[in-house]
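Please read these notes with the structure open beside you.

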Amino acid sequence: MEVQLLEKDKETDKVNFILKDSTPAFANVLRRIMLWEVPVMAIDEIEFKKNGSILYDEMIAHRMGLVPLTTDLKSYTLPEKCKCEGKGCAHCQLKMSLKVKGPAMVYASDIKSKDPAVKPVYPKLPIVKLLKNQTLELEATATLGTGKRHAKWSPGHVYYTYLPKITVHDNPEKLAQFGDKYPPQIFGKDGKIDRNLISTPALIDACDGVCDDLVKVEYNPNSFVFYIEPWGQLPSKKIVQQAANVLQEQLDEVTEALKQ
Ligand SMILES: [Zn+2]
């Protein structure tokens, strides 16, 4: 098995990599662990002190739960694996507070965290608008959790495709016949199909099977292109590393159970 980095967007931290010489079963295990078993922090409980806003407590709680929080996996453990046995302590929980008086827009940046390592990823995320004399005051508890329980604990969007091999042929006769069946984005300035422009899974899919004498798409059944789009709680590299750790832990558990 081999992993090869394809592309990394410095601004969004989106990463594409190739997983070579593997199996569909393993690729899917990796995807599922990244989506649902890599833990991140999210607000899970809120105690409202004052809510004069137009939104119900439940709606504000829901919005705040979905605010991505930067996550420090070294300092926190999952409540179910914590020494406190899920009762809640400084190793699995973090208290946060918010107090805003209107008129004002309440932003994620108004959530004050006691741990500088855990704070909203996007400070300008709006939560609710307050009019004059409206106040929002609350205390929130963030915990580590996994996407298996709720999507708010998912570290990002992860998907993969089989690794495509794309061959483009210069065939003016077929181009005249089938040219309008292809997406316009794949044509260069010279009006010919440009191999480099067939770059996204959607475009590759749109070109597959139209006319093999112009664009031939073949898929390698044992190599995959992974696309990772993190929500920001963890860097994409960490998501992959952590997924490998989780898988290793689960395999160790199986080994241990077999011994018994
Ligand atoms: Zn605890």
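**Notes on the model**

1. The site of the zinc ion is tetrahedral, with angles of 96 to 120 degrees among its four donor atoms. The model is a predicted one, and these angles are computed from it. For four tetrahedral donors the ideal angle is 109.5 degrees.

2. Which residues coordinate the zinc ion? They are Cys 82, Cys 84, Cys 89 and Cys 92, each through its SG atom, at 2.2 to 2.4 Å. Along the chain, the spacing of these donors reads C-x1-C-x4-C-x2-C.

3. Is Cys 82 buried or exposed? Cys 82 counts as buried because its relative accessibility is 7%, and the cut-off for buried is under 20%. Cys 89 has a relative accessible area of 23%, so this residue is partly exposed.

4. Helix H5 covers residues 236-259, which is 24 residues. At 1.5 Å a residue the helix should span 34 Å, and its end C-alpha atoms are 35 Å apart, so the two values agree.

5. Which residues of H5 are buried? They are Ser 236, Ile 239, Gln 242, Ala 243, Val 246 and Leu 247. In an α-helix, residues three or four places apart point the same way, because there are 3.6 residues a turn. The buried residues of H5 pack against strands S1 (2-8), S2 (15-20) and S10 (215-230), and against helix H1 (24-36).

6. Met 59 lies in helix H2, residues 57-65. Its relative accessible area is 42%, so Met 59 is partly exposed. Between Met 59 and Lys 112 there are 20 Å in space, C-alpha to C-alpha, and the two are 53 residues apart in sequence.

Definitions and conventions
Residues numbered from 1 in each chain as written. Predicted model: local features only at pLDDT ≥ 70, side-chain atom pairs only at ≥ 80, totals over all residues. Heavy atoms only, no water. Helix = DSSP H or I, 4+ residues; strand = E, 2+ residues; numbered from the N terminus. Buried < 20%, exposed > 50% of the residue type's maximum accessible area, 1.4 Å probe, protein only. Donors = N, O, S within 2.8 Å, 3.2 Å for Na, K, Ca; no water. Tetrahedral: all angles 85-135°; square planar, octahedral: opposite > 155°, others 65-115°. Expected span 1.5 Å × (residues − 1). Contact = heavy atoms within 4.5 Å.
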